[in-house]
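Here is a short briefing on one protein model. Please read it with the structure open.

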Amino acid sequence: MEPGVTGMTFAPQDPDGLSEAVHALLSDTERARTLARRARALVHQRYGWASIAQRTAATYAAAVASAPAFTAERAARRMAEGRAAPRIAEGNLLAAAGLR
């Protein structure tokens, strides 16, 4: 959150500060709407499904790239020994990370 841009702040355990922040928003509905619109966009950007999926896929990709237990060669050997390749549906995080 960015104070004054996506929300209001006040010091912890400061009831007067809270009161002033609430009063400022209640007395200026246009400012309150602007802050709410910006806050909603920020939450969507940081915590929306697309963002979460992207970060999760990047985390898996980093794990695969750095951990020898996840090498493609090892997976190919295991599948050659009779283990079927799992079906990865289109849109799956693994597919999105290029690990399909």
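Of the 100 residues of the protein chain, 13% count as buried (under 20% relative accessible area with a 1.4 Å probe, protein chains only; exposed is over 50%, partly exposed in between). This is a predicted model: local features need pLDDT of at least 70, side-chain atom pairs count only at pLDDT 80 or more, and totals for chains, interfaces and linings use all residues. Residues are numbered from 1 along each chain as its sequence is written, and side-chain values use heavy atoms, without hydrogens or water.

**Overall fold**
- The protein chain has 5 helices and 0 strands (DSSP runs, H or I of at least four residues for helices, E of at least two for strands, numbered from the N terminus).
- Along the sequence the pattern reads α-α-α-α-α.
- Among contacts (heavy atoms within 4.5 Å) between residues at least 6 apart in sequence, 43% join residues at least 24 apart.

**Helices α2 and α3**
- The axes of α2 (residues 29-47) and α3 (residues 49-66) come within 5 Å and cross at roughly 30° (axes are lines fitted to C-alpha atoms over the stretch in contact, with angles from 0 to 180 degrees between N-to-C directions).
- That makes α2 roughly parallel to α3 (angles under 35 degrees; over 145 is roughly antiparallel, 65 to 115 roughly perpendicular, the rest oblique).
- Q45, R46 and Y47 of α2 meet W49, S51, I52 and R55 of α3 in this contact.

**Residue Q13**
- Q13 lies in the segment before α1 (15-27).
- Phi of Q13 is near 55°, a positive value in a residue other than glycine.
- Most residues other than glycine have a negative phi.
- Q13 is exposed, at 82% relative accessible area.
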